[in-house]
Amino acid sequence: MADPESAFDSHEAAAERSAEGAVSNHDRDAASSHPPPASLLPERDLAVERDRVRSFVVDRVDAAGADGVVVNMSGGLDSTVTAALAVEALGADRVYGLILPCNKIGAPHARDAEALAEALGIDHDTVHLQPLFAQFGAVAPDRFDLHDEPVRSGNAVARLRMAVAYLAANATNRLVCGTANRSELLLGYLTKHGDGAADLFPLGHLYKTDVRGLAAELDVPEFVVEKPPTAGFLPGQRDADDLGAPYEVVDPVLHLGVDRGLDPESIVERIEAAVAEAEADAVSSETDENELAVVDRELVADLLGRHRATAHKRLPPPTPDADVE
């Protein structure tokens, strides 16, 4: 295992790219939404989590007899943190990055991903998938037209990306290192057999807000952390719009509802109490705290409903019970 120094020991190349990938002040505000009261999420020692993930990657690669990992890099937070941890765990020569844009929206993110891969010192390739996607749409039956169907076409692109990732993994005796975090996995906010398909998920136990904290521990370039989370298929699309709230609100709801098993009414009460306590502390200390958001029962019920409805994305395909005598 590599020493604990950051894989981003020198990221001048990424810094030079940051002007191209910089977000507006409006987007920066959305990306760094108001943090939840600390009592709503379990406290994590980020140095411990860093070591834990590094050890996990080494163990899984060794157990498979693999030569390294393949990481699909989007220029966003999760894939950058995943690639950086893989480099720390295995060394840059055992990590291969794939950058797979498919439209004009993804082009600036692809340039960021290329700069980040260069900063990490990993071998990488950029493959523009638009010709492949166009041919795929041309041969698909007309009844399944992908035109003006963003969800359907987005899922198709995600599956094409994973097909390329597994081609690379098969050709180089590597594992596909997924980039999904716990928030996405619990909500099913990923594509089945697309970004939901991988050989390991190093960040799968960490909520999105935990990943953001870990990024600081890893010295991930600031412009990456400031990017508002997005799937990148439609102009202006943001995860917060799809989910109804930013991850700083979503994560406490998932922790209380899934990890702690609380019902929606109890979740709302817990969050309201924690917000009131935090606001009182801010007033008493005369600090200028950001306003903390509370949630309503409808949002909580919707998020927990997404969790239940997407259980199939977190389980292997069902089979009939074996009839063994």
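This briefing describes the fold, the sheet, the helix packing, the cores and some single residues of the structure above.

The model is a predicted one, in which local features need pLDDT of at least 70 and side-chain atom pairs count only at pLDDT 80 or more, while totals for chains, interfaces and linings use all residues. Residues are numbered from 1 along each chain as its sequence is written, and side-chain values use heavy atoms, with hydrogens and water left out. The protein has 14 helices and four strands, where helices (H or I, at least four residues) and strands (E, at least two) are DSSP runs numbered from the N terminus. Of its 325 residues, 46% count as buried, a term that means under 20% relative accessible area, with exposed meaning over 50% and partly exposed in between (1.4 Å probe, protein chains only). Among contacts between residues at least 6 apart in sequence, 79% join residues at least 24 apart, a contact being heavy atoms within 4.5 Å.

**The sheet**

- The four strands form an open sheet in the order β3-β2-β1-β4 with parallel pairing, and two strands count as paired if DSSP finds at least two bridges between them.
- Strands β3 (123–126) and β4 (175–176) stand at the edges with a single partner strand each, so one side of each has no neighbour in the sheet.
- Strand β1 (residues 69–72) pairs with β4 in the parallel sense over two bridges, and the bridge partner of Val69 in β4 is Leu175.
- Helix α4 (residues 77–90) packs on the sheet and touches both β1 and β2 (95–99), and its direction makes about 160° with that of β1; such angles run from 0 to 180 degrees between N-to-C directions, and axes are lines fitted to C-alpha atoms, for helices over the stretch in contact.
- Four bridges join β1 to β2, which run parallel; in β2, Tyr96 is the bridge partner of Val70, and Leu98 stands opposite Asn72.

**Side chains of the inner strands**

- In a regular strand the side chains alternate between the two faces of the sheet.
- From β1, Val69 and Val71 point one way and Val70 and Asn72 the other way, and all are buried.
- From β2, Val95, Gly97 and Ile99 point one way and Tyr96 and Leu98 the other way, and five of the five residues of β2 are buried.

**Helix packing**

- Helix α3 (residues 46–64) and helix α9 (residues 208–217) pack at an angle of about 90°, with their axes 10 Å apart.
- The two helices α3 and α9 are therefore roughly perpendicular to each other, a description used for angles of 65 to 115 degrees, whereas angles under 35 count as roughly parallel, over 145 as roughly antiparallel and the rest as oblique.
- On the α3 side the contact is made by Leu46, Ala47 and Arg50, and on the α9 side by Asp210, Gly213, Leu214 and Glu217.
- Helix α12 (residues 247–259) has 11 of its 13 residues buried, so it is largely enclosed by the rest of the structure; the buried residues include Tyr247, Glu248, Asp251 and His255.

**Nonpolar cores**

- A nonpolar core is a set of buried Ala, Val, Leu, Ile, Met, Phe, Trp, Tyr and Cys residues joined through side-chain atoms within 4.5 Å.
- In the largest nonpolar core, of 40 residues, Val69, Met73, Val81 and Leu120 touch the most other members.
- The elements giving two or more residues to this core are α3, β1, α4, β2, α5 (107–120), α9 and α10 (222–226), and α4 gives the most, with nine residues.
- Another core, of 24 residues, lies apart from the largest one, and Tyr207, Ile271, Val295 and Leu303 are among its residues.
- Not counting residues up to four places away in sequence, Val81 touches Leu203, Val211, Leu214, Ala215, Leu218 and Val220.

**Residues with positive phi**

- Asn173, in the loop between α7 (150–172) and β4, has a positive phi near 55° although it is a residue other than glycine, and at 37% relative accessibility it counts as partly exposed.
- His193, in the loop between α8 (182–187) and α9, is not a glycine and has a positive phi of about 65°; with a relative accessible area of 53%, His193 is exposed.
- Gly261, which follows α12, has a positive phi near 75°.
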